[in-house]
Each structure stands twice: as structure tokens, then as C-alpha cells.
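Please open the model in your viewer and keep a selection tool at hand. The stops below go from the whole chain to single residues.

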Amino acid sequence: MATDDRRVTRELEEGIERDFTRKMSYGDYLRLETLLSAQQPLSDPPQHDELLFIIQHQTSELWLKLMIHELRSARRLLGEDELAPALKRLARFKHIQHTLTDQWSVLATLTPSEYAEIRPFLATSSGFQSAQYREVEFLLGNKNADMVAVFSHDEVARTELDGLLHERSLYDEFLAYLSRRGYAVPPHLLDRDWTQPYRLDQGLVDVFAGVYAEPHEHWGVYETCEELVDLEDNFQQWRFRHLQVVQRTIGQKTGTGGSTGVDFLRRALDLTFFPELYEVRTRIGG
């Protein structure tokens with residue numbers, strides 16, 4: 001008879017740490033006691049699916065925190081003419097975007113009936129009120145001064161958003177980088193009111209048309225343009241998955257935060273961060 005040598009246990013190696021009374025453990029470093037105690041369902045009687053809803057949104061906020069960290073760094077590096085490490089930051093940002101988009105499939109397991117059991121306990125709270133999400137949008141150039149007022153109850157969030165409102169976006173910093181490298185970026189784009197949303201400029205489309213006409217002569221800039229298009233494409237996929245999940249969960253109901261729900265989310269699909277990078281595609285090969 002053949003001997004089955006498959007194991008069901010694995011012995012600990014001699015050198016593995018066992019005593020953490022005076023040493024840092026995994027839980028200590030990550031402050032897991034604090035992190036794992038932050039899930040406090042409010043439903044009464046308790047609803048099984050509320051924990052999913054809380055964890056989905058809490059993990060999204062953690063990823064948003066890292067996205068802000070990477071975007072701020074990429075923006076600073078562009079300002080210092082350090083293009084290569086800035087692109088590394090954007091590459092990581094794109095991977096985070098994929099993770100956030102994939103997460104919607106978990107929330108999509110929440111049926112309309114299950115969500116209806118927990119929705120009353122959300123009261124007026126809504127993802128629309130995510131300050132970190134707004135920080136990401138401001139960093140990418142989707143500025144809206146009216147959004148700052150939504151956070152008047154939170155001094156820290158309001159201050160952060162107001163600061164970003166008055167600063168250059170990632171795209172603004174990229175245009176400044178291009179200008180320093182000798183590209184004919186229209187001067188009015190380099191010294192404008194940063195609190196205003198960015199608008200399409202045909203003069204900048206001309207600049208990008210030259211880059212796309214001879215990519216090997218402008219490889220670093222060409223690569224950055226395509227990285228930004230990837231980023232926006234990912235952002236739109238995230239928005240669309242958000243819309244789909246909301247639609248399958250609440251249909252055409254209004255949002256908990258007072259928005260029109262699906263219709264409000266659908267209008268976000270028309271927003272763009274980098275309009276010239278899409279407009280230039282109409283010219284290529286034409």
C-alpha cells in the first residue's frame with residue numbers, strides 16, 4: 001500500500017519568534033486592535049450584511065489615503081523635474097484604482113432586500129461625503145469650490161480641501177514641467193486661478209499633437225500622457241461600476257445623502273481631468 005505523505009500541519013521553525021511581551025508583533029505594528037475595533041454596526045436588530053457595507057467603505061478609505069499619498073508625491077516630483085519617479089507613483093496609483101474597482105463586485109453581492117434592512121441606519125451619511133475622494137478629485141483637477149462647504153462640520157477635512165482648491169493639480173504641474181522643457185504651453189495655463197476647474201485649450205492640443213506625431217522624439221512626455229489617459233480611463237471604470245452597483249441595489253431611489261442617486265452618478269461619467277489628451281486623438285492620423 002502506498003504511503004500518503006501529505007501533511008496537515010507544519011512544525012514551527014526554531015528561529016520563529018514566539019514571545020512578544022517585550023518585542024513588536026504584527027498586530028502592534030499595524031495597530032490591529034484599533035483597526036479591527038472600528039467596525040461598529042448600528043442596525044437594531046443586528047443585520048448580518050451591515051459588516052460587509054462598513055468594511056467595503058472603510059477599506060476604500062484606506063486605499064484613498066494611499067492614493068492621496070501617491071498623487072501628492074507625483075505632483076511634487078513633477079515640480080522638481082523628476083519625471084521617472086513621478087511615473088512610478090502613477091503606476092502604483094493605477095494598481096490601487098484596479099483594486100478599488102474590483103471591490104465593487106463584493107458589494108454587489110448585497111441584494112436590494114438585504115440593503116433595505118440596513119439603509120435606515122445610514123441616516124444621511126453617504127459616500128458623496130468622502131473627503132478623501134474629493135481630495136483625489138481636486139488633486140487630479142476636478143475642482144469645485146462648493147464641495148468645500150460640504151465639510152464645514154469637519155475643520156481638518158475642510159482645511160485640506162481648501163488648500164488643494166488653491167493649489168496646482170497634477171495636470172497643472174505636468175503643464176509647468178512641459179513649459180520648463182521648452183514645450184509651447186499657452187502662458188495663460190501656467191498662471192491661472194487654480195480654484196477653477198480646468199478647461200480644454202486648443203493651443204495645448206497643438207502641443208500634444210506634436211508629441212503624438214513623433215513619440216520617439218518625446219518619449220518621456222509621450223509616456224506620461226498615456227499614463228494620465230490610463231489613470232482617467234480607470235477612474236471612469238470605477239465610476240461606472242459604482243453606478244451599476246447602486247442601480248442594482250436601489251434602482252432609481254434618491255441617495256441617502258440627498259442626491260438623485262443613479263442620475264447624479266451618471267452625470268459624473270461626462271467629467272474629464274485631461275481634456276486635451278482625448279481631444280488630440282481626433283487629430284491623430286486625420
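Predicted model: local features only at pLDDT ≥ 70, side-chain atom pairs only at ≥ 80, totals over all residues.

Numbering runs from 1 along each chain as its sequence is written, and side-chain values use heavy atoms, with hydrogens and water left out.

**Whole chain**

Show the chain as a cartoon: there are 13 helices and zero strands. Helices (H or I, at least four residues) and strands (E, at least two) are DSSP runs, numbered from the N terminus. The C-alpha trace spans about 70 × 55 × 45 Å along its principal axes.

Switch to a surface. The accessible area is about 17,200 Å², and carbon and sulfur atoms account for 53% of it; the method is Shrake-Rupley with a 1.4 Å probe. Of the 286 residues, 41% are buried, meaning under 20% relative accessible area (1.4 Å probe, protein chains only).

Colour by charge, with Lys and Arg as positive and Asp and Glu as negative; His and the chain ends are not counted. The 32 positive and 46 negative charges have mean positions 1 Å apart, each charge being placed at NZ of Lys, CZ of Arg, CG of Asp or CD of Glu.

**Helix α3**

Select residues 50-79, which form α3.

Now select Glu 50. Glu 50 is buried yet has no salt bridge (a side-chain nitrogen of Lys or Arg within 4 Å of a carboxyl oxygen of Asp or Glu). The nearest side chain of opposite charge is Arg 119, 13 Å away. Beyond neighbours within four places in sequence, Glu 50 contacts Pro 41, Leu 42, Ser 43 and Ile 118.

After α3 comes Asp 81, with a positive phi near 60 degrees.

**Helix α11**

Go to residues 219-250, helix α11, and pick Thr 249. Thr 249 counts as buried because its relative accessibility is 11%. Leaving out residues up to four places away in sequence, Thr 249 touches Leu 110, Pro 112 and Tyr 115. Finally, draw a C-alpha to C-alpha distance from Thr 249 to Ser 113: the two are 8.3 Å apart in space and 136 residues apart in sequence.

Key
Buried < 20%, exposed > 50% of the residue type's maximum accessible area, 1.4 Å probe, protein only. Contact = heavy atoms within 4.5 Å.
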